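Here are my notes on the model, as promised. Have a look at it first, then go through the points below.

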Amino acid sequence: MSVFSEAAVSPRRRRTDRLMRVALVAATILALIPLVLVIYYLLKEGLGSINKAFFTQDPSGSFFGAVGGVRSAILGSLEIVLLATLISVPIGIGVALFLTEYGKDSKFANVVRYFVDVMTGVPSIVFGLFIYISLVLTHVGGNFTAWKASVALALLMLPIVIRSSEVVLLLVPASLREGALALGAPRWQVIFRVVLPSARTGLVTGSLLAVARGMGETAPLLFTTAGAAGLTFSLSGQMNALPLQIYNDILSPRAAVVAQAWAAGLTLVAIVLILNLVARAVSRRSRMA
Amino acid sequence: MKETRHQFREDLKELEQQVLGGLDLVTGQLDRALESVSYQDVELAAMVVADDDRIDGRYLEVHQGILSMLARQAPVAGDLRIVAALLHVIRCIERMGDQCVNIAKLVPLSGHESPKDKDILDAVDRMGQLARSQVSQAREALGSRNVDLARDLARQDEEINRLNREIFRRAVEVGDDLDLREWAMYMILVARCLERIGDNTVDIAEQVVFVVTGLFREMDPTATPETIRAP
Amino acid sequence: MIPPDTTSKEPSQMSTAREQSEQAEATPDRSGSVESRPGRGIKVRGLNAYYGKQHAIKGVDIDFPANQVTAIIGPSGSGKSTVVRCINRMHEEIPGARADGSVTLDESDVYAPDVDVTAVRRVIGMVFQKPNPFPTMSIYDNVAAGLRLTGTKPHNLRETVNTTLRAVGLWDEVKDRLNEPGVGLSGGQQQRLCIARTVAVSPEVILMDEPCSALDPIATLKVEELIDELKARYTIVIVTHNMQQAARVADSTVFMLDGEVIEHAPTNDLFTKPKDERTERYVTGKFG
């Protein structure tokens with residue numbers, strides 16, 4: 001009897017091992033099914049409506065005649081979310097920097113962390129309502145405006161950015177900070193020239209996650225910008241957005257409009273997909289730089 | 001729980017025991033060499049010459065042990081001083097062994113029935129006893145790391161040197177008898193060997209002081225006890 | 001056990017000759033080295049350091065002579081790393097840690113109330129146990145990092161970087177790949193890169209906290225040779241738990257135990273005839 005056969009694991013344990021593998025693979029497949037189904041249905045229902053007009057025309061909104069496209073919705077979404085990103089990402093990373101570099105384990109920092117955790121759980125409609133009550137009803141700078149939608153989305157995105165950024169910043173090894181400090185660098189230089197560049201990919205990925213979330217939220221848009229069919233660029237007026245468009249169209253009696261809603265949904269997923277691919281490309285390029 | 005570097009300490013103790021054993025071998029050789037001179041015992045003298053191989057062998061063993069210890073254990077501080085001292089001492093032992101052989105080789109040459117001078121014989125006897133006691137004392141000083149005992153050896157060595165000079169003087173004045181003169185010459189050589197043995201024990205004493213204090217001082221046998229002891 | 005060394009003052013041929021040769025060893029011949037200039041020494045007086053309530057360094061006095069390598073040895077927890085971190089005030093970066101006492105470079109006390117900590121660290125550089133080149137920077141940028149981070153602008157940055165790389169013996173190995181990431185080098189090369197980064201800002205003193213612990217034996221020897229060359233221009237303090245390294249590299253050695261200095265002597269003396277029983281026990285490995 002060889003040494004190895006003596007040391008081998010019992011057949012029962014080997015069976016359990018195999019069972020485990022099968023179970024885990026099954027669970028993975030189970031989890032993938034809805035995802036695959038969603039993409040399948042989006043493609044099935046929406047692909048037909050994708051044509052040139054879809055991207056170049058605004059929704060006509062009429063009950064008869066041409067359906068138009070969703071151009072204003074796409075551009076509107078992009079613009080609103082862009083502003084929301086510009087608000088939430090710098091502030092979010094700033095808060096994360098405070099938590100990791102200055103606050104660390106202090107009482108204040110822990111309180112901040114707690115509140116951020118709470119904010120991640122707040123339903124998006126609450127943010128919409130908050131902005132509605134504080135900005136829309138008070139008629140600050142107009143009634144229903146796109147920039148208020150951005151603010152609402154920013155509030156939504158902020159805790160996501162903070163949380164993911166903090167995790168990534170904590171992963172930056174202390175030895176790097178030490179090395180920079182020991183050279184005689186002031187702390188803000190350490191942060192901007194060493195810590196942030198090292199965490200860059202993680203920060204970008206975290207922000208893109210927040211952006212993807214922001215692109216898809218409907219409730220805050222309802223209370224703040226309410227949607228307008230026509231193409232607008234001004235943030236101080238009402239603006240269309242993809243989730244709003246889908247919301248409006250999906251209940252329409254016209255089949256072509258419903259089909260367009262599916263297509264809009266497909267477009268939304270595609271945008272998020274593109275964002276993720278961009279994030280990956282950024283991370284790969286920075287690693288090879 | 002064993003103390004750290006247990007094997008190293010054991011090996012070092014073993015090495016030291018081998019060196020001390022070498023000193024015992026020298027004592028044995030010296031005894032027999034002196035006896036062979038006193039009784040003109042040619043056979044005993046031949047034994048002394050043959051037995052020197054054991055001392056040479058001991059030298060090689062200790063030398064190898066020290067090299068091995070230096071290479072593998074990197075001794076420092078007190079350990080390093082002991083190792084360095086042991087290397088020095090085993091060479092002294094080898095030289096003392098050679099001196100015993102030289103004495104033994106002179107026995108058949110001095111002839112069985114040759115005339116002898118009582119004074120010279122007494123002096124040589126006395127030198128032999130002193131040399132023997134010095135070797136013992138050196139062994140004791142090294143084994144117990146006794147600095148006072150070591151320093152005392154330098155003083156004792158003064159006596160051997162004095163006897164050596166005296167034997168030389170007596171030999172010069174010994175008379176006209178050719179055989180007597182020839183015998184006296186051989187006695188001078190024997191005395192010389194014994195004096196060398198004495199010097200080697202002083203070398204060993206210097207090493208003992210070095211091991212204990214970390215300082216190396218040449219011990220001048222012509223100095224008085226007071227100056228030697230002064231810090 | 002060992003009587004005080006008062007005998008060495010007596011005129012005796014052997015000891016004078018040996019003392020003379022030891023003297024020659026202690027003051028290195030700086031005339032032949034490239035651009036040597038006298039550095040500045042450090043004096044530590046009454047240094048106490050705490051981690052919260054724990055009193056880690058208990059009233060320590062040490063002199064670090066200019067242009068010499070001083071090693072600090074001792075068992076784990078003896079406080080050797082802490083002492084060194086107090087010299088360039090990195091100790092206080094740890095939450096809850098503080099220190100008091102005086103650490104003077106020439107006449108300037110590092111702990112004086114109006115002193116700018118970043119200036120201290122520019123003048124007293126540090127190399128760490130695990131090589132830590134900045135991962136997002138190239139080799140060139142890493143060497144230049146110290147200069148850029150502290151806002152110092154030399155007339156010719158490229159030349160400074162190249163000279164520094166030459167000074168640490170890395171030039172031949174990296175001259176064709178200066179733009180490659182710093183983390184792509186081997187461990188030993190990375191550590192020399194970190195030394196270059198530290199040296200580029202022209203400090204007076206270089207502190208090294210177990211710089212070779214993470215390196216293989218050959219890389220270690222290269223770094224040790226570098227240290228030997230560097231001491232012509234800088235004062236070097238090296239913390240090491242490798243006694244053989246201290247024996248090879250240091251002009252004088254400090255032995256610490258439980259936050260106190262037990263013995264501080266020329267390396268040769270400390271390793272052949274230490275004065276304190278505790279030093280002897282540590283150095284010969286009799287420590288339990």
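1. On α6(A), the face pointing away from the buried side holds the exposed residues Ile133(A) and Ser134(A). Helices here are DSSP runs (H or I, at least four residues), numbered from the N terminus.

2. A word on the source: this is a predicted model, where local features need pLDDT of at least 70, side-chain atom pairs count only at pLDDT 80 or more, and totals for chains, interfaces and linings use all residues. Residues are numbered from 1 along each chain as its sequence is written, while chains are lettered from A and ligands numbered from 1 in the order written.

3. Back to helix α6 (residues 124-136) of chain A: its buried residues are Phe127(A), Gly128(A), Ile131(A), Leu135(A) and Val136(A). They line one face of the helix, because down the axis of α6(A) they fall within an arc of 105° (taken from the directions from the helix axis to the C-beta atoms). Their packing partners are α7 (146-171) and α10 (219-224) of chain A.

4. Over in chain B, Leu60(B) sits in helix α2 (residues 42-73). Leu60(B) counts as exposed because it has 11 other C-beta atoms within 10 Å.

5. As for the chains, two pairs touch, and chains A and C make the most contacts (a contact is two residues with backbone-placed C-beta atoms within 7 Å). Chains A and B don't touch; 33 Å separates their nearest C-alpha atoms.

Terms used:
Helices (H or I, at least four residues) and strands (E, at least two) are DSSP runs, numbered from the N terminus. A residue is buried if 20 or more other C-beta atoms lie within 10 Å of its own, exposed if 12 or fewer, and partly exposed in between; C-beta atoms are placed from the backbone.
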